[in-house]
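Biologist: I would like to learn how to read this model feature by feature. Please give the general idea each time, and then the case at hand.

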Amino acid sequence: MAARVGLLPHAILVSSRALPTPRARVPYPLPPVPSYLRHASSSASRSCRASPRFVAVRAMASGNPYAAELAAAKKAVTLAAKLCQTVQQDIMHSGVQAKADKSPVTVADYGSQILVGFSLKMDVSSGPFSLVAEEDSDELRKDGAEEILEDITDLVNETIFDDGSYNISFTKEGILSAIDDGKSEGGPSGRHWVLDPIDGTKGFLRGDQYAIALALLDEGKVVLGVLACPNLPLSSINNINGNSSGDKVGALFSATIGCGAQVESLDGSPPQKISVCSIDNPVNASFFESYESAHSMHDLTGSIAEKLGVQAPPVRIDSQAKYGALARGDGAIYLRFPHKGYREKIWDHAAGSIVVTEAGGIVTDAAGNDLDFSKGRFLDLDTGIIATNKELMPSLLKAVQEAIKETNQAASLL
């Protein structure tokens, strides 16, 4: 990628290199690819080329009924990760993370959602396309949003150009329409892609962990999930802060129903099968929880750990990277207990939950019920979410329910 200058308040300044004139700027939604190519200028008539890496994944995944969707999902989140890495590097170089201005992460959120939806439409959408995602274009259509819309447009187009998989660029109106592809409500019938374009916003701003999390619902069930974790070590997390010892970073987790879970590097190492840890004594277990106390009740999770006899301190990292780390055995337990009144969204757990379950783990609510992703954009569940291996789940559930009961009793006395 050409050199980029840093961030200014309310703006991301992209490279001064102009986008090549042969690349046609087209509105959105896209017409079918053959029609688009016929309408492109003659100098832009080269066909969209698929990444050889993902073609290989398709061939390797024979027997997987969702092989094509898995390949497209990996390609989509990897493309979005490139945009997010660019923005995060700019944030770190400019010091914006210390300011009240959140426009950089806004640009990355929108840009990631656009690229994932666009890539899926190009590669696997043969019928109605449904995307349940976090962002919509309402704020960008208001007066005063012109500059940030321009930033998003430039960054999306530059990312597409640098990647080279597609010969296309977006107009500003096309950007707005692409964002609104994510307005689907999901539900129990049909197929719905579920996306969190940047899971772990505060981690993203700090330069720490975040994830692009994409899942596929088929008739209300999660059948596929991918997690792009650009800052997660490819090997195991080996200390309580979730940092590596200089090992390669950038992990891509994936799973399809009945086919197990895998991890590979974001830049294309061979996939490796993963499984949850086999620890059966909670004394030897460690547990993951949210980095931010505002996102999860650390007092409650501490009480649960004490009841289990867990000796290790909690591993606190942002985003669904926790699910990926749990799935490959970096820790034994994941606890999430949001504060009262918070409603869990399906995009915060759909991809991560299938990665864990296909790695041999169990993900339930605090009462031991399976998570139900068929009810729309929100999860209706009991109190919180827990995940671990089959050996530890009975004792974990017991400790969770005892700790919740004590917490509720204490609250009733106030």
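Modeller: Start with contacts, where contact means heavy atoms within 4.5 Å. Among contacts in the protein between residues at least 6 apart in sequence, 73% join residues at least 24 apart. This is a predicted model, in which local features need pLDDT of at least 70, side-chain atom pairs count only at pLDDT 80 or more, and totals for chains, interfaces and linings use all residues. Residues are numbered from 1 along each chain as its sequence is written, and side-chain values use heavy atoms, with hydrogens and water left out.

Biologist: How many helices and strands does the secondary structure come to?

Modeller: Helices (H or I, at least four residues) and strands (E, at least two) are DSSP runs, numbered from the N terminus. Here there are 11 helices and 16 strands.

Biologist: What share of the 414 residues is made up of buried residues?

Modeller: Buried means under 20% relative accessible area, exposed over 50%, and partly exposed in between, with a 1.4 Å probe and protein chains only. By that rule, buried residues make up 55% of the 414 residues.

Biologist: Which strands form the open sheet of seven, and in what order?

Modeller: Two strands pair if DSSP finds at least two bridges between them. The order of this sheet is β4-β6-β7-β8-β9-β10-β11, with mixed pairing. β4 (131–133) and β11 (272–274) stand at the edges with a single partner strand each, so one side of each has no neighbour in the sheet. From one strand to the next, the twist averages 20°. Within the sheet, β7 (residues 211–218) and β8 (residues 221–233) pair in the antiparallel sense over seven bridges; L217 has V222 in β8 as its bridge partner.

Biologist: What does α10 touch when it packs on the sheet?

Modeller: For directions, axes are lines fitted to C-alpha atoms, for helices over the stretch in contact, and angles run from 0 to 180 degrees between N-to-C directions. On the seven-stranded sheet, α10 touches β6, β7, β8, β9 (249–256) and β10 (261–265), and its direction makes about 95° with that of β8. Eight of the nine residues of α10 are buried, so the helix is largely enclosed by the rest of the structure. Among the buried ones are I354, V355, V356 and E358. Just after α10, G360 takes a positive phi of about 100°.

Biologist: In what order do the strands of the five-stranded open sheet run?

Modeller: The order is β13-β12-β14-β16-β15, and the pairing is mixed. Its edges are β13 (315–316) and β15 (361–365), each with a single partner strand, so one side of each is left without a neighbour in the sheet. β14 and β16 (residues 385–389) pair in the antiparallel sense over four bridges, and the bridge partner of I333 in β16 is T388. Helix α11 (residues 393–412) packs on this sheet, touching β14, β15 and β16, with its direction at about 155° to that of β16.

Biologist: Where does UniProt place the feature "binding site"?

Modeller: UniProt positions are given in the numbering used here, feature names are shortened, and annotations may be inferred rather than shown by experiment. The unreviewed UniProt entry places this feature at E134, D196, I198, D199 and D348. Although spread over 215 residues of sequence, these positions cluster in space, with a largest C-alpha distance of 9.9 Å.

Biologist: Are D196 and D348 buried or exposed?

Modeller: D196 counts as buried because its relative accessibility is 2%, and D348 counts as buried at 12%. D196 lies in strand β6 (residues 191–199), whereas D348 is in the loop between β14 (333–336) and α10 (350–358). Leaving aside residues up to four places away in sequence, the contacts of D196 include E134, W347 and D348. Counted likewise, D348 touches D196, D199, Q320, Y323 and Y342.

Biologist: At what angle do the axes of α5 and α6 cross?

Modeller: Angles under 35 degrees count as roughly parallel, over 145 as roughly antiparallel, 65 to 115 as roughly perpendicular and the rest as oblique. The axes of α5 and α6 (residues 172–179) come within 9 Å and cross at roughly 85°, so the two helices are roughly perpendicular to each other. V156, in helix α5 (residues 146–163), is buried at 0% relative accessible area.
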